[in-house]
Amino acid sequence: MEVPILKQGAFLIATFQAALSDADLNQLRMGLVQQVVKFRSRAVIVDVTAMDVMDSFASRTLREIAHMIRLRGAETVIVGIQPEVAFAMVQLGLTLEGVATALDLEEGLAYLNEKFKVTN
Amino acid sequence: MVGEIRVAINSDQDIVSARQKGRVVANELGFSSGDATLIATAISELARNIVSYARKGQITIKKVNGHNREGIAVIAADEGPGIADIRQALRDGFSTSGSLGLGLPGVRRLMDEFEITSQPGKGTTVAVKKWRQ
């Protein structure tokens with residue numbers, strides 16, 4: 001399953017679907033980092049609103065994506081973690097430490113626009 | 001639902017289909033959507049353990065009846081290498097496959113009941129239950 005990556009000015013927006021397999025997540029991790037390089041993006045928003053399960057592999061992949069993108073000099077914001085998914089993540093002992101999160105896409109964009117003072 | 005649902009676990013794609021089927025069964029049994037998410041997450045972790053450690057196995061999802069209550073049971077069975085030290089495997093942070101090692105203790109926290117039997121060289125079976133509130 002392909003994850004659409006949208007270019008929005010200096011930012012990239014990746015929208016996750018519900019049924020991502022491990023292989024899809026691995027592919028996305030590589031694809032996102034490559035696109036950040038290609039477009040010289042300042043930040044990436046990963047929208048996980050549609051994800052109904054965030055297990056240990058998905059959380060670890062998100063953390064790795066954020067760390068790779070940080071090494072490239074850009075920032076990652078995870079948006080749209082559903083309340084039930086957040087509850088399950090905490091029960092499972094999963095954290096996204098060191099990764100910025102925001103309520104939804106709008107809040108994520110507002111956070112980045114403020115941070116980078118850019119007008120998209 | 002009719003009887004029980006069995007999902008063969010052979011690849012990472014099967015992890016996704018197992019957790020989706022688990023959510024459907026949980027919804028049919030009247031679990032809240034929050035509990036269905038906990039159940040689907042537990043199934044995802046159990047199925048991943050099968051793929052990571054045993055390569056193939058099976059997840060069975062079924063309705064269970066207790067004293068004046070109904071619930072869901074999930075049984076993850078494989079014929080993989082087994083676990084030599086179950087107590088160690090149930091400790092947070094322990095892993096032999098380079099993963100986070102949160103799988104089993106995390107699953108235990110997501111569900112109400114947790115049973116594991118394992119024989120080195122023969123395989124592992126993890127049976128978990130959650131009761132409807």
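Residues are numbered from 1 along each chain as its sequence is written, and chains are lettered from A, with ligands numbered from 1, in the order in which they are written. In this predicted model, local features need pLDDT of at least 70 and side-chain atom pairs count only at pLDDT 80 or more, while totals for chains, interfaces and linings use all residues.

**Exercise 1. The build of chain A**

Task: Determine how many helices and strands chain A has, and in what pattern they follow along the sequence.

Solution. 
1. Helices (H or I, at least four residues) and strands (E, at least two) are DSSP runs, numbered from the N terminus.
2. On this basis chain A contains four helices and five strands.
3. Along the sequence their pattern is β-β-α-β-α-β-α-β-α.
4. The radius of gyration is taken over C-alpha atoms, and the globule rule is 2.2 Å times the number of residues to the power 0.38.
5. For chain A the radius is 13 Å, close to the 14 Å that the rule gives for 120 residues, so chain A is as compact as a globular protein of that length.
6. Along the principal axes, the C-alpha atoms of chain A fill a box of roughly 40 × 25 × 20 Å.

**Exercise 2. The sheet of chain A**

Task: State the order of the strands in the open sheet of chain A, and explain why one side of β1(A) and of β5(A) has no neighbour in the sheet.

Solution. 
1. Two strands pair if DSSP finds at least two bridges between them.
2. The five strands form an open sheet in the order β1-β2-β3-β4-β5, with mixed pairing.
3. β1 (5-8) and β5 (100-102) of chain A stand at the edges and have a single partner strand each, so one side of each is left without a neighbour.
4. Direction ignored, neighbouring strands of this sheet are turned by 25 degrees against each other on average.
5. Within the sheet, β2(A) (residues 11-15) and β3(A) pair in the parallel sense over five bridges. T15(A) stands opposite D47(A) in β3(A).
6. Axes are lines fitted to C-alpha atoms, for helices over the stretch in contact, and angles run from 0 to 180 degrees between N-to-C directions.
7. By this convention, α2(A) lies across β3 and β4 (75-79) of chain A and runs at about 155 degrees to β4(A).

**Exercise 3. The contact between the chains**

Task: Find how many residues each chain brings to the contact, and which helix of chain A gives the most to its side.

Solution. 
1. Two residues are in contact if their C-beta atoms, placed from the backbone, lie within 7 Å.
2. Chain A brings 18 residues and chain B brings 23 residues.
3. On the side of chain A that touches chain B, α1, α2 (56-71) and α3 (83-92) of chain A each supply at least two residues.
4. α3(A) gives the most to this side, with six residues.
5. Ala, Val, Leu, Ile, Met, Phe, Trp, Tyr, Cys and Pro count as nonpolar, Asp, Glu, Lys and Arg as charged, and the others, Gly among them, as polar.
6. By class, this side of chain A has nine nonpolar, four polar and five charged residues.

**Exercise 4. The largest nonpolar core**

Task: Identify the residues that touch the most other members of the largest nonpolar core.

Solution. 
1. A residue is buried if 20 or more other C-beta atoms lie within 10 Å of its own, exposed if 12 or fewer, and partly exposed in between.
2. A nonpolar core is a set of buried Ala, Val, Leu, Ile, Met, Phe, Trp, Tyr and Cys residues joined through C-beta atoms within 7 Å.
3. The largest core has 65 residues, of which V44(A), A42(B), L46(B), A47(B) and I59(B) touch the most other members.
4. Helix α2 (residues 33-54) of chain B contributes the largest share of this core, eleven residues.
5. Residues up to four places away in sequence not counted, V44(A) touches several residues, among them F11(A), L32(A), I69(A) and T76(A).
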